[in-house]
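Open the model in your viewer and keep the sequence panel at hand. The stops below say what to select next and what is there.

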Amino acid sequence: MNLPAPGIIWSSLPIPALLIDDDDRVLEINPSAELFLNISARSVKGQPLFERLAIDAPLEEIFARARTNMSALFINDVDVGTGERAPISCNLQVAPVADAPSHVLLLISPRELAGRLGRAEHVRSAAKSAIGMAEMLAHEIKNPLAGIAGAAQLLAMGLGPEDRELTELIVEETRRIVKLLEQVEQFGNLRPPEKKPVNIHDVLDRARKSALVGFAAHMTILEDYDPSLPPTLGDADQLMQVVLNLLKNAAEAAGPSGTIRLRTFYDLSLRVRRRDGSGQALPLQVEVIDDGPGIPADIAADIFEPFVSGRENGTGLGLALVSKIISEHDGWIGVDSVPGRTTFRISLPLAPKESLKDMEVI
């Protein structure tokens with residue numbers, strides 16, 4: 001039996017790996033690490049590790065122990081980030097290299113992905129419960145509110161100016177509540193997606209143009225696209241709704257002078273397994289990045305749950321709706337947030353080749 005060459009094994013490792021020399025400089029970085037850290041091997045080789053990565057652990061001491069004891073070390077729950085991406089929680093493995101004792105191998109295993117995928121299933125279940133509540137609220141509350149508003153308007157006819165202010169307040173508040181319930185109804189009445197091959201850049205372009213003539217009129221929206229991305233299989237209108245919602249959240253977070261960046265790229269490392277045991281790759285990546293203050297820490301883990309909102313008077317349904325739509329597209333959505341940089345990432349499947357003959361330009 002012929003074993004694969006070491007270079008092939010290195011390139012095939014499914015987790016980020018870096019080879020570090022005795023001066024703690026990067027000797028090699030595998031393709032998984034390039035994708036995970038969003039840096040190229042050429043730019044990082046020969047560079048001091050700690051100038052390129054932000055790792056919340058005493059790695060100098062850990063590297064020294066691995067070299068001295070010639071044994072592997074494991075470090076759990078460490079934040080790893082770069083200037084290009086927010087830190088995420090990872091497990092690290094550090095091991096000395098057998099034929100070069102002064103060199104160490106650093107393996108990075110992201111922990112957040114599995115947790116987020118599990119939360120996505122929970123959010124889908126919570127969304128179904130919220131839909132039932134939405135239908136009940138709309139039916140049970142809207143009709144009485146209309147009666148209250150009508151009665152207040154009738155009372156106003158026989159009142160003086162000062163008392164009329166109170167009836168006008170009643171009418172305004174009932175209208176506000178009805179508007180809220182209409183948003184809840186929209187959340188509950190979303191039809192199943194009509195899936196066809198979709199060029200995600202067409203969706204992003206439509207959403208960007210709509211945002212720039214509306215809520216993001218005074219903002220900067222940058223495009224950082226991989227034009228070679230193949231189509232995904234989805235409902236263009238519902239995906240447009242998702243992107244518009246994320247753009248609106250980003251605009252409200254960053255403010256009129258803020259900047260939003262739309263980024264697309266291809267990443268084969270994400271693959272999900274369904275309950276029936278089948279697996280699916282989600283290689284199409286879309287990111288909406290803003291430079292706002294970030295998501296409050298106390299709600300960051302539950303941001304996709306129904307009725308969780310970081311804004312005053314927010315309904316908390318926008319991101320729950322986004323999560324529901326992406327789940328029904330067999331995709332995944334996650335968020336990384338630190339002050340000054342919040343990234344929502346959508347991961348979508350490829351459109352089957354047999355469906356491309358029916359592809360439409362939107």
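**Stop 1**

Select Y266: with a relative accessible area of 32%, Y266 is partly exposed, a class that lies between buried (under 20% relative accessible area) and exposed (over 50%), with a 1.4 Å probe and protein chains only. This is a predicted model, in which local features need pLDDT of at least 70 and side-chain atom pairs count only at pLDDT 80 or more, while totals for chains, interfaces and linings use all residues. Residues are numbered from 1 along each chain as its sequence is written, and side-chain values use heavy atoms, with hydrogens and water left out.

Y266 sits in strand β10; strands (E, at least two residues) and helices (H or I, at least four) are DSSP runs numbered from the N terminus.

**Stop 2**

Now show the open sheet of 5 strands, which run in the order β8-β10-β13-β15-β14 with mixed pairing. Two strands count as paired if DSSP finds at least two bridges between them. Which strands stand at the edges? They are β8 (220–224) and β14 (332–338); each has a single partner strand, so one side of each is left without a neighbour in the sheet. On average, neighbouring strands of this sheet are turned by 15° against each other, direction ignored.

Zoom in on β14 and β15 (residues 341–348), which pair in the antiparallel sense over 7 bridges. Select V335 there; its bridge partner in β15 is F344.

Next, colour helix α9 (residues 236–254), which packs on the sheet and touches β10 (259–266), β13 (284–290), β14 and β15. Contact means heavy atoms within 4.5 Å. The direction of α9 makes about 25° with that of β13; axes are lines fitted to C-alpha atoms, for helices over the stretch in contact, and angles run from 0 to 180 degrees between N-to-C directions. Helix α10 (residues 318–328) also packs on the sheet, touching β14 and β15, and its direction makes about 140° with that of β14.

**Stop 3: salt bridges**

The structure holds 12 salt bridges, each a side-chain nitrogen of Lys or Arg within 4 Å of a carboxyl oxygen of Asp or Glu. Select R261 and D224, whose side chains meet in a salt bridge at 2.4 Å, N to O. This pair links distant parts of the chain, with R261 in β10 and D224 in β8, 37 residues apart.

Move to R206 and D237, another salt bridge, at 3.7 Å, N to O. R206 lies in helix α8 (residues 200–212) and D237 in α9, so the pair ties together parts that are 31 residues apart in sequence. R206 is partly exposed at 31% relative accessibility, and D237 is partly exposed at 48%.

**Stop 4: a loop proline**

Finish at P256, in the loop between α9 and β10. Is P256 buried or exposed? P256 is exposed, with a relative accessible area of 63%. Leaving aside neighbours within four places in sequence, P256 is in contact with H218 and M219.
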